[in-house]
Amino acid sequence: QVQLVESGGGLVQPGGSLRLSCAASGTIFRIDDIAWYRQAPGRERELVATITSDGRTNHSDSVKGRFTISRDNAKNTVYLQMNSLKPEDTAVYYCKDRIKIRSWRSPQDYWGKGTLVTVSS
């Protein structure tokens with residue numbers, strides 16, 4: 001019913017930039033809060049950034065000032081602009097959308113399958 005597809009990951013040198021995208025498709029009445037998470041090898045998944053339906057954002061301390069979350073509601077797409085990348089940013093990045101598929105249904109969380117970001121020289 002709902003699919004989230006991330007894109008934009010890849011290999012980048014330290015200090016470089018990447019822009020991740022996550023597009024939602026399928027039966028969607030409304031998308032509420034959206035979040036980016038990441039999971040590095042051998043570590044737990046951690047919250048990177050969130051954005052509400054009206055555009056209020058929050059970023060984790062580890063990425064504040066370097067990463068920026070944004071969304072395009074007309075395209076059902078969320079972005080993560082990542083600047084000044086560090087080797088410790090290497091991880092699989094996931095988006096999570098809270099979506100109402102019908103007006104009478106409660107919102108549910110949907111996850112993408114992830115996109116790999118590798119920061120290495």
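Select Cys-22 and Cys-95: the two form a disulfide, with their sulfur atoms 1.9 Å apart. A disulfide here is a pair of cysteine sulfur atoms within 2.5 Å. The model is predicted, so local features need pLDDT of at least 70 and side-chain atom pairs count only at pLDDT 80 or more, whereas totals for chains, interfaces and linings use all residues. Residues are numbered from 1 along each chain as its sequence is written, and side-chain values use heavy atoms, with hydrogens and water left out.

**The disulfide**

Stay on the Cys-22 and Cys-95 pair. The torsion about its S-S bond is about 50°, so the disulfide is right-handed. Cys-22 sits in strand β3 (residues 18-26) and Cys-95 in strand β9 (residues 91-100), so that distant parts of the chain, 73 residues apart, are linked. Strands (E, at least two residues) and helices (H or I, at least four) are DSSP runs, numbered from the N terminus. Cys-22 is buried at 0% relative accessibility, and Cys-95 is also buried, at 0%. Buried means under 20% relative accessible area, exposed over 50%, and partly exposed in between, with a 1.4 Å probe and protein chains only. A search of the whole structure returns one disulfide.

**The open sheet**

Next, colour β1, β3, β8 and β7. These four strands form an open sheet in the order β1-β3-β8-β7, with antiparallel pairing. The edges are β1 and β7 (67-72), each with a single partner strand, so one side of each has no neighbour in the sheet. On average, neighbouring strands of this sheet are turned by 15° against each other, direction ignored. For such angles, axes are lines fitted to C-alpha atoms (for helices over the stretch in contact), and angles run from 0 to 180 degrees between N-to-C directions. Two strands count as paired if DSSP finds at least two bridges between them.

Zoom in on β1 (residues 2-7) and show its side chains, which alternate. Six bridges pair β1 with β3 in the antiparallel sense. Select Ser-7 and look across to β3, where its bridge partner is Ser-21. From β3, move on to β8: these two strands run antiparallel and are joined by six bridges. Here Arg-19 stands opposite Gln-81 in β8.

**Salt bridges**

Now select Arg-38, Glu-46, Arg-66 and Asp-89, which are linked in a network of salt bridges. A salt bridge is a side-chain nitrogen of Lys or Arg within 4 Å of a carboxyl oxygen of Asp or Glu. By this rule the count is eight.

Arg-38 is buried at 5% relative accessibility. One of its partners is Glu-46, with the closest N and O atoms 2.7 Å apart. Glu-46 is partly exposed, with a relative accessible area of 31%. Asp-89 also forms a salt bridge with Arg-38, the closest N and O atoms being 2.9 Å apart. Arg-38 lies in strand β4 (residues 30-39) and Asp-89 in the loop between β8 (77-82) and β9, so the pair ties together parts that are 51 residues apart in sequence. Asp-89 is buried, at 1% relative accessible area.

For another pair, select Arg-56 and Asp-54, whose side chains meet in a salt bridge (3.2 Å, N to O). Arg-56 is exposed at 54% relative accessibility, and Asp-54 is exposed at 53%.

**Two loop residues**

Select Thr-52, in the loop between β5 (46-51) and β6 (57-59). Is Thr-52 buried or exposed? Thr-52 is buried, with a relative accessible area of 14%. Which residues is Thr-52 in contact with, leaving aside its neighbours within four places in sequence? They are Asp-32, Asp-33 and Arg-71, where contact means heavy atoms within 4.5 Å.

End at Arg-43, in the loop between β4 and β5. Arg-43 is exposed, at 56% relative accessibility. Draw a distance from its C-alpha atom to that of Ala-91: the separation is 9.4 Å, for residues 48 apart along the chain.
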